[in-house]
Amino acid sequence: MADFVGAIDQGTTSTRFMIFDHAGKEVAKHQLEHEQILPQAGWVEHNPVEIWERTSAVVQSALGKADLVASDLAAVGITNQRETTVVWDKRNGRPYYNAIVWQDTRTDRIAAKLERDGHGDLIRHKAGLPPAAYFSGGKIQWILENVAGVGEAAEAGNALFGNTDTWLIWWLTGGYRGGVHITDVTNASRTMLMNLETLEWDDELLALFDIPRQMLPEIRPSSDPNLYGMTSDQGPFAGPVALSGDLGDQHAALVGQVCFAPGEAKNTYGTGNFLVLNTGTEIVRSKSGLITTVGYQFGADPAVYALEGSIAVTGSAIQWLRDQLGIIGGASDSEALARQVPDNGGVYFVPAFSGLFAPYWRPDARGVIVGLSRFNTNAHLARAALEAICYQSKDVVDAMTKDSGVAIDVLKVDGGVTANELCMQIQADVLNVPVSRPQVPETTALGAAYAAGLAVGFWSGTDELRANWNESKRWTPQSAEEDRTKGYAGWQKAVSRTLDWVDVE
């Protein structure tokens with residue numbers, strides 16, 4: 001058997017291809033950013049063609065760096081930004097419209113009308129999700145209603161929908177020359193269209209959004225021994241490789257962090273934060289503002305479910321300090337700047353740029369900076385931005401504990417922000433639990449590789465994957481209880497100031 005497994009990690013701001021060996025160690029990678037298209041306030045788009053071109057480029061570059069070819073890879077997995085919606089013409093591969101990104105809020109009215117018309121509880125029960133602009137169903141509906149010709153093409157069977165996993169798999173397996181139109185259970189569970197119990201598209205949910213079933217991809221396991229297909233000779237691999245793993249990014253991180261037992265949880269710090277708790281084969285319906293989702297499904301085994309707290313803006317708040325305010329030159333500068341002050345100086349920053357996600361689900365909220373006085377500096381704002389990442393995570397952890405009855409005793413963390421040691425220390429202090437970072441911090445790509453490798457026997461099972469996991473660093477709580485309580489009370493007060501800012505019809 002070949003000695004390596006590859007993983008395409010198609011994220012919100014960039015795409016990378018990583019190659020791993022049997023020990024789960026990185027062999028090579030290449031990463032490229034893509035454009036963030038912001039046509040108007042609240043709208044966020046990507047160019048799907050650019051994403052495909054970037055994917056092709058990073059695959060070729062990483063293979064070249066490692067001096068490998070397609071036959072050196074036992075399998076390839078894909079992980080992706082979830083909910084981001086692409087609709088394209090299956091006859092030529094041209095998108096009918098830009099990809100509408102998960103952060104986009106243009107479908108607030110669609111979500112609000114579903115709730116107002118009394119459909120919210122049905123969607124929560126069947127799909128495990130609240131009606132929200134975050135998820136794919138409303139984005140598909142918006143494209144059908146607002147882009148000329150798409151409705152007719154969908155009825156005729158010529159318009160295909162997919163999140164970016166489906167878009168890339170279609171192209172990798174041949175595109176309009178016979179590409180495979182599939183997704184996995186984790187991505188399907190983020191659409192408001194899949195029934196959590198049957199793991200199939202639900203006719204009653206489809207009717208709410210007026211979406212033709214023929215637009216939708218076939219739903220498959222996250223790790224599939226039957227394979228999704230083989231890569232095309234015309235694609236970036238220039239030869240056949242088994243495509244056998246597909247997971248939404250946060251589900252992939254759950255697998256990469258080997259959270260295979262009920263009660264195990266991870267928090268990924270990226271553009272947003274996503275805290276996921278494994279609940280086993282039981283569907284736990286949240287009463288505290290969390291999402292019930294599919295964690296993963298390996299082959300013919302029953303699906304494993306999870307509770308998730310999705311936070312829209314965390315790492316992207318640091319990007320905002322860099323790109324919009326210009327107070328830092330790069331993301332790594334935020335730590336040095338924040339270390340110039342011992343605390344936030346009374347400043348709180350709630351980055352509700354797209355409203356508030358879990359556990360609040362308030363599309364009417366918008367970002368605020370409160371508590372300013374002439375004493376404050378850019379260092380206090382940088383500190384407040386790091387604290388915002390940690391306080392938002394505490395909001396979710398508290399909701400998760402309430403729903404599951406399980407208190408997290410260690411938080412496994414991954415993602416780019418975990419390189420910020422001050423932020424991780426603040427997180428341990430805010431939660432009053434240890435924070436643990438693995439030796440491979442980018443566990444999203446690793447999880448996709450694990451799913452693909454399990455499917456073809458590259459790894460024998462989850463016990464072998466657990467043996468690969470090693471801790472890189474642990475942060476333990478150091479703050480006093482009084483400071484922790486006072487700080488969180490200030491955060492909650494700041495959150496209250498964000499509400500009722502935008503009128504949602």
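Reader: Let's start with Glu 152. Does that count as buried or exposed, and why?

Author: Keep in mind that this is a predicted model. Glu 152 counts as exposed, because its relative accessibility is 57% and the cut-off for exposed is over 50%.

Reader: Which helix does Glu 152 lie in?

Author: Helix α5, residues 150-155.

Reader: OK, switching to salt bridges. How many in total?

Author: The count is 29 salt bridges. One of them joins the side chains of Lys 126 and Asp 202, at 3.1 Å from N to O. That pair links distant parts of the chain, with Lys 126 in helix α3 (residues 120-127) and Asp 202 in the loop between β11 and α8, 76 residues apart.

Reader: Are Lys 126 and Asp 202 buried or exposed?

Author: Lys 126 counts as buried at 16% relative accessibility, and Asp 202 counts as buried at 9%.

Reader: What about Arg 54 and Glu 50, how far apart are they in helix α1?

Author: Four residues, so about one helical turn separates them. Their side chains meet in a salt bridge of 3.1 Å, N to O. Arg 54 is partly exposed at 27% relative accessible area, while Glu 50 is buried at 11%.

Reader: Which residues are linked in a network of salt bridges?

Author: Arg 82, Glu 83, Arg 190, Asp 249 and Glu 308. Asp 249 is also among the buried residues of helix α9.

Reader: Tell me about α9 then. Why is it described as largely enclosed by the rest of the structure?

Author: Because eight of its eight residues, 249-256, are buried. Besides Asp 249, they include His 251, Leu 254 and Val 255. Just after α9, Val 258 takes a positive phi of about 50°.

Reader: And strand β14, how many of its residues are buried?

Author: Seven of seven, across residues 242-248, which leaves the strand mostly covered.

Reader: In which sense do β5 and β14 pair, parallel or antiparallel?

Author: Parallel, over five bridges. Ile 78 stands opposite Asp 246 in β14.

Reader: How does β13 run against β14?

Author: Antiparallel, with two bridges joining them. There, Gly 229 stands opposite Leu 243 in β14.

Note on methods. Residues are numbered from 1 along each chain as its sequence is written. This is a predicted model: local features need pLDDT of at least 70, side-chain atom pairs count only at pLDDT 80 or more; totals for chains, interfaces and linings use all residues. Side-chain values use heavy atoms; hydrogens and water are left out. Buried means under 20% relative accessible area, exposed over 50%, partly exposed in between (1.4 Å probe, protein chains only). Two strands pair if DSSP finds at least two bridges between them. A salt bridge is a side-chain nitrogen of Lys or Arg within 4 Å of a carboxyl oxygen of Asp or Glu.
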